[in-house]
Amino acid sequence: MRDRLNRLALNIVAALLAALFAGAVTSLILWLRGDSPSFVISQMWHYGTQPSSEVTILNSATVYYLSALAVAIGFRMNLFNIGVDGQYRLAAMLAGAFGGAVALPNGLHQIAIIVVAMLVGASWAGLVAVLKVTRGVSEVISSIMLNFIATGLIAYLMRPTILGHRSGANDITTEPIPKSGQVPGVNLISSAGTKVYGLIFLAIGMGVLFHIVVNHTRFGFDLRATGRSSSAAQTSGVSVKKMIVITLLLSGAMAGLVGMPALLGDSHSYSSITFQTGLGFTGIAIALLGRNNPVGIAFAAVLWAFLDQSAQILDINNIPKEIVQITQGVVVLSVVIAYELVRRAALARQQRRVGRALAAPAPGMEGAPA
Amino acid sequence: MTVQDTSAPTETVRLDRVKPARRLRGRQLWLAALAGLVLLSLVRVITNANDITSTGTLGATIALGMPIALAGLGGLWSERSGVVNIGLEGMMILGTFFGADFAYFTHSPWMGVVGGIVGGFIGGIVHAVATVTFGVDQIVSGVAITILATGLARYLAGVFFTGQPGGGPTQSPSIPQFTQLRVPALDSFFGRIENHHWFLISDIAGLLRGLVTTLTPFTIVMALLFPLTWFLLWRTAFGLQLRSCGENPTAAETLGVGVYSRKYVAVIVSGILAGLGGAFLADFAGIYREGQTGGRGFIGLAAMIFGNWRPGGLVAGAGLFGYTDAVQSRGGAKSVHALLLLVAIIVLLVGLYALWRRRLATGSLAVVIAILVFIWYLLTKDVPIELVTYTPQIITLLVLALATQRLRPPAADGIPWRKGQGA
């Protein structure tokens, strides 16, 4: 127990150091252009903590959280589902079209749309799984290619003659989802005037579910075991192929949820402008930042969303707001390095302890770690 | 790219079964190329889609295939030393920005080349520090570098190009380009033959005309990097040492090879090559644009896998992707529709060959795909233009599905290694 606490403390320190480092690099870049880092930070903090900003931050964080969870399921098993991006967009598009086309009673309608989205996401990820287990194709490459192909497929399906719907002069969306299929926002921050996505509770629920499934079920145990050593897992009777398929399907289903908060809570129809590419990559970064842990990911998602939102003020002051993307990139890279250093330090400490315990006479064995 | 789990069939492939099938040498290679050309020519005559072997298409193939090939060559260097480099895309993005930036502010296309080297170097060294020194998961580091590079290019473009004529955060002003080297006499001679649309002869003329009319000094210098890589990696002691780090770093270390330094060199060269690919893109377009790389770094990686981690195969792969890209961007839906027939024939041949070799699974899969593609060809007049844009990606997936099991990546590819870990 003490060991785990120590490890946790070390990881938190590592994350903070990485954040400080990213802040330092960002400050340096700002300073090189002649901007004052302290001015930028105070501006960002001031703008980012206003109630209306807070609502936007919670909304983006909800979406980021789901995306990162989808990636994290794979990561726990050493599977890189880089295809979350394509899975989420295809799912949002088809679920949007489905929601606009059917008439169902309130309650059932939302659930049906969400189920369709999960099924679409899972099937698109299923292609990756099939290619991997039957043909040995690396999931990294195939999921990247499927992201591109999803873009083409969506553009094709969005033709007005197929699933598209001309809503404005040039705007093509899917048929709008009627009231019965929408999820109203909640008034979490009353002074803001805008509402937080109702599906924020779905995201939180998914985080809890993720924790229970990964840490407290037989499946989760197999998942983690396969991630640590697939050959050991195979030997102990786990069917690694089956695990790959199930994990990618789950990851894809979770990716299908990514578009839901905005689709059901705000836009009510799919358009390629609202549902942009790149969210899957953001999910990867946030999952890495949060160490694939549902609580860690939540913090990371809020941090990421805060940086995004608070940077909006910078353009007014004539500072390119893309500076925060540098911050985000550096923080991810330095945090993975920091975590690796912590892992090495912990390993070395454990080895020293084992060495001491073995060198000591027999009664000393109590001190050996489990 | 390795797949580190026991379930992937890749690992069960035995070396002795792979060798004879994979290595095409000398005359065989020429025969294969000739057969491909005959097939292409045949398809052109049947479908009347003259653009699929035209000069313009070949010129575009070189222009579109070169960045992919350079990224793939970068991947080759890195993975031969045992470091998976999925950050090629990011390094390429840095190459497009720095290439355009240098070329614009110095008014010299050659400085654009230098810019590409600088941009790629930055990306390469970051990847090397993260993966070699700190032993971070290589795919994680690559993804992080791509995120970082995207942000960096956006920020710097905002800083440098805002206020320049036509420039801004998402694009540069137009930049000085290399001029094409033309041989006018040969150009018109081949042009006359090409316009007759004779079977095979016109196709060869179109090909040669494409060669004599679309080359720039940049293209020629870049093309030399491929034989140079082959020579350095397969014919020098340094190359053997570098490749041994990708196969068995502990054994290499035992023999006194500085594994870290070899890996550093490999990853940095890898970045530089990807950066050059980016600079090439910017030079060809005459402008830097956000998102200009369009995933070519990833496709380059796929080309390298397709080429079985060898320079010749990689060029063939990049040529294939460059060609499909050229056909779709020039001829559009009609030409791609013609290519369906070609794909059907090739996949059918591959399938029959596999069946003959008694590889039933691959063979029957290929035959089924061939029949489906053929039916598709017969039933339609054109291919949806939205999907046509992604022809290279679809081909990549198809090729990997059929060929992955016969590929052999470097044995220690993708596995973090620490000094003294074998002791």
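Author: Two residues are said to be in contact if their C-beta atoms, placed from the backbone, lie within 7 Å. The model is a predicted one, in which local features need pLDDT of at least 70 and side-chain atom pairs count only at pLDDT 80 or more, whereas totals for chains, interfaces and linings use all residues. Residues are numbered from 1 along each chain as its sequence is written, and chains are lettered from A and ligands numbered from 1 in the order in which they are written.

Chain A is assigned domain 1 (1-35 + 319-351) and domain 2 (59-313), with bounds that come from an automatic or database domain assignment. Between the C-alpha centres of these two domains of chain A there are 27 Å, and 10 residues of domain 1 of chain A are in contact with nine residues of domain 2 of chain A. On the domain 1 side, helix α14 (residues 323-359) of chain A gives the most, with eight residues; helices here are DSSP runs of H or I with at least four residues, numbered from the N terminus.

The largest nonpolar core, with 239 residues, draws at least three residues from each of domain 1 and domain 2 of chain A. Such a core is a set of buried Ala, Val, Leu, Ile, Met, Phe, Trp, Tyr and Cys residues joined through C-beta atoms within 7 Å, and a residue is buried if 20 or more other C-beta atoms lie within 10 Å of its own, exposed if 12 or fewer, and partly exposed in between. A68(A) and A301(A) have the most contacts inside this core. Once neighbours within four places in sequence are left aside, A68(A) is in contact with G283(A), I286(A), A287(A), G290(A), I297(A), A300(A) and A301(A).

Turning to where the two chains meet, the contact takes 46 residues from chain B and 44 residues from chain A. On the chain B side, two or more residues are given by each of α6 (138-161), α13 (296-306), α17 (385-388) and α18 (391-403) of chain B, and α6(B) supplies the largest share, 14 residues. By class, this side of chain B divides into 29 nonpolar, 14 polar and three charged residues.

Helix α13(B) deserves a look of its own. It is largely enclosed by the rest of the structure, because 11 of the 11 residues of α13(B) are buried; among them are R296(B), F298(B), L301(B), M304(B) and F306(B). The buried residues of α13(B) pack against α6 (139-157) of chain A, and also against α3 (55-80), α4 (88-106), α12 (259-285), α14 (311-330) and α18 of chain B. After α13(B) comes N308(B), whose phi is positive, near 55°.

For contrast, consider V212(B), which is found in helix α8 (residues 201-213) of chain B. V212(B) counts as partly exposed because it has 18 C-beta neighbours inside 10 Å. Not counting residues up to four places away in sequence, V212(B) touches V183(B), L186(B) and D187(B).

Definitions and conventions: Nonpolar A, V, L, I, M, F, W, Y, C, P; charged D, E, K, R; others polar.
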